[in-house]
Amino acid sequence: MLYVWSKNLAAESLMKTKKIINENCEVTVNLKIKDTENTYLLRIKNNFVPQRFIPGQFVMLKHNPGSSDPLLARPFSIFRKFNENEFEILYRVCGKGTDLLSNIKKGDYVSVTGPLGNGFNALSDFQGLQNGGSTKIVKNIHVLIAGGIGIAPLFSLPDFIKNKGRAGNESTAAHRVNDSADNAAHNERSNINTEDSGRTPSNRALEDCDCGDNNKFILYYGSKTEKELYFRYSIHSDYDEVYFATDDGSFGYKGSVVDLLFKNINDYCNQNEKSTERLNVNFYACGPKPMLSYLINKFRAQNKSNMSNSGILNEYAVQVSLEEHFACGIGVCLGCVVKINSAHSNNFVFKRVCKDGPVFNAFELHDYC
Amino acid sequence: MEEKNSQDISMSVKLGRLLLKYPVMPASGTFGYGEEFIEITDYSLFGALVTKGISLEPSKGNEMPRICETPCGLINSIGLENVGFEKFKDEKIDFLKKFNIPVIVNFFGKSIEDYAIMAEKLSCIDGISALEANISCPNVKEGGRAFGTDPEIVYEITASIKNCSPLPLIVKLTPLVSDIALIAEVAEKAGADVISLVNTFPAASIDINKRKFKLSRGYGGLSGPAIKPIAVKLVNDVYKAVRIPVIGMGGISSWEDAVEFFMAGATSIAVGTGAFNNPYLIPQITSGIRKFLQENNFSSIYDIIGIVNN
C-alpha cells in the first residue's frame, strides 16, 4: 500500500516540472529591419520565455496554429528579451515558412514552444586556456563570432554574462539593448572606421566598462554583404572591440570573418608569461555551415601547431551553435542529428541538435562539414 | 432529456487483457522513451506510454538528412535509431514505470528469430504492460522486403512471439499491402491480441535543383494529415476483418480526426506527428471526445466504435 502511494507521489512530482511552454501568443511587432535584405524583427507577448531563456536557446514557432500546411513549426533562436513580458526573434526570409511568417500582422497569434535546447555555457570558470599560474588575476575574454543572421543567438550573450550573479537587476540591461536595436532601425551612423583591418574603435574602453569585473567582449561579425550585417551601426555599445568582414568588401574587411579572427588569434591564444593577468578566453560562434566548418578546422590546426607551446585551447573553449531542420524541436523525432566524437573510439555517436544542442563544443564535433 | 455529466462518460477501453483508462496514446517513434515530453505536458490523461522501437543491438540510424516536409505531411527516414535492449533495460524502463500508466514497448528485429528473442527478453523486465511488434521493417534474409507484406511471415513472427512471451501482443501493420484485411486476419489467427495501424507510407521527395532525393536514403515514411483518409479506410478494413481490437493512427491532429478513427472501428488511437506541433494533443483529444459523446448522448466510447458499419 505504502509502495503504491510513494510511486504515485513520484509520478506527481515528475508531472509538475514545467520547463517549456507551448502557447498561442500575440505578436506585438513584426517589422522588416531598415537597410537590410528581407530581415525581420518579431516581437511576441509571453512572460515565460523572456524570463527563463539562456542565449543560444530557441523557440519553435508556427505562424498558423492548428493548420496543416505548412505542417511543422520552425525553429528560431531567441534574439533577446524585450521586457519581462515580451521577447524577440530575428529572422531572414529564406523559404516558404519564413515568407508566411513575414506576413503576420500585429495582433495575430503564433504558436510558441520554448525555450528549447541548451544555450551557450557562460561559466566564467570555464578555463578556455589550459595554462597559467593560479596566482595571476584571471581576465575573461569572450570572443563572439557571428555570420549574418547567426548574430541572433549571440546578441544577448554579453548582457547575459554581465548579469550573471546580479540577480534582481535586469532592467538596465534590457533597456540598453532596446536602445541599440532601435538605433539600428533608425540607421544612426556612428564613427566607424572601415579601413582594411576591419577594426572599429569602440567608444567604451574596458576600464570604464560598467560590469566592474574582468570581462572583455569582442565581436567578429561577417556576412556576404553590408546589408546582412544587422545593427552594424549600433552594435558597438555591447562590445569592447568589434571587427566586421564582408565577402564583397562592402563593409569592413574584405573576406572571411574567420580569416579576420585568425589574423589576431595570437592575441587570444598566447599567454604573456610576464603579465600579471591570466587570460581565460572563450569563443562563441554561430553562422552558416561552411563558416562554422572553416572556423572549427582553423581552431584544430591552431591547436596542432601550438602543441609544443602552452596556448592549447581546451575542449570547452570554442562553442558553436548549429542550425538544422527540426520536426519536433524537443528531441523525440531524431530528425536533426549531428556526429559527435565517441568517447571510446575513433568512431562517432549521433546527438540531437535540438535537444543535446544546438550549442556544442566545437572540438567534440566529428567531421563537421 | 437528461444531460449526462461529462465525467460519467466511460472513456476506458480494453485491448485484450490490457485495460486503458483513456483511449489515446502516443505513436511509437514520436515519443522517445518518455523523457522529453514530460518537460512540457503531463501524462495523466495518456492511455499508455509507447516507446521508440527497440532492437537487440543499438542502432545509430541513418545519415542526414532524415526528414523533409511535404504538403500536410512529413517524410522521415530515421533508420530505427535506438539504444538497444540492454541500455533500454538499464536506463530507460525505470523512468517509464514511474507514472502508473501502462507501458507499451515497441520492438523489431532483422529476422524472425530476432523477434522471438526480443519478446522473451522484454518479458523478463518488470514494468512492461504490452509489446508492440513493428513488422514494417526490412527482412534482411529475404532481400529486404518488409516482414509485414508476406502473410506467411506475419503468421510465423506473431506465433513465435506469442510462444516466447506471456505479455499482450500488438502487431503493428505496414499499410503498403494489397490486402490489409488478410494480413490482419493472419496475425489474429497466429495469436495477436491487438492490431495497430497504420505505420508510415513509403514516400519520397526530390530536390529538383540538386536533382537528388531530399533524404539521404532516398525514400522514407510519410506521416501527418496527408495520410489520414487512407489510414481511416485501412482501419475500417481491418475492423471488419478481425474480432480483436484495433489501435488506429495516421495523421490524427484533432479530436475530430480521432472520432473518425473510432467510428471506423478503432478501440484506441495514437498520435505522432500531430503532437510535434501541439504537445497537449493527447489530453485535448480525450477531453474533446468526451464532450462530443456527452453532446450526442452517448455514455461510453464503445458506443461509437465502428458505428459506421452498424
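**Helix 6 and helix 8 of chain B**

- Helix 6 of chain B and helix 8 of chain B form a right-handed crossing.
- From helix 6 of chain B, the residues B:Trp255, B:Ala258 and B:Val259 take part, and they meet B:Gln284, B:Ile285, B:Gly288, B:Ile289 and B:Phe292 in helix 8 of chain B.
- Sorted by class, the contact of helix 6 with helix 8 of chain B holds 6 nonpolar and 2 polar residues, with no charged residues.

**Helix 4 and helix 5 of chain B**

- The axes of helix 4 (residues 180-189) of chain B and helix 5 (residues 228-241) of chain B come within 8 Å, and they cross at roughly 45°.
- Because of this angle, helix 4 of chain B is oblique to helix 5 of chain B.
- Where helix 4 of chain B passes helix 5 of chain B, the crossing is right-handed.
- Helix 4 of chain B contributes B:Ile180, B:Ala181, B:Ala184 and B:Glu185, which meet B:Leu234, B:Asp237, B:Val238, B:Lys240 and B:Ala241 in helix 5 of chain B.
- The residues of this contact comprise 6 nonpolar and 3 charged, with no polar ones.

**Domains of chain A**

- Chain A is divided into domain 1 (19-116), domain 2 (124-170 + 179-319) and domain 3 (322-369).
- Domain 2 and domain 3 of chain A each give 8 residues to the contact between them.
- On the side of domain 2 of chain A that touches domain 3, helix 9 (289-305) and strand 14 (318-321) of chain A each supply at least two residues.
- Helix 9 of chain A gives the most to that side, with 4 residues.
- That side of domain 2 of chain A has 5 nonpolar, 2 polar and 1 charged residues.

**Contact between the chains**

- In the contact between the chains, 30 residues of chain A meet 34 residues of chain B.
- Helix 1 (residues 2-15) of chain A gives the most to the side of chain A that touches chain B, with 6 residues.
- By class, this side of chain A has 17 nonpolar, 8 polar and 5 charged residues.

**Confidence of the prediction**

- The predictor gives the complex an ipTM of 0.93 and a pTM of 0.88.
- Chain B has a mean pLDDT of 95, and 98% of its residues reach 70 or more.

Key. Residues numbered from 1 in each chain as written. Chains lettered and ligands numbered in written order. Predicted model: local features only at pLDDT ≥ 70, side-chain atom pairs only at ≥ 80, totals over all residues. Domains from an automatic or database assignment. Contact = placed C-beta atoms within 7 Å. Nonpolar A, V, L, I, M, F, W, Y, C, P; charged D, E, K, R; others polar. Axes fitted to C-alpha atoms, helices over the stretch in contact; angles between N-to-C directions. Parallel < 35°, antiparallel > 145°, perpendicular 65-115°, else oblique. Left-handed = near helix turned anticlockwise from the far one by under 90°. pLDDT = per-residue confidence, 0-100.
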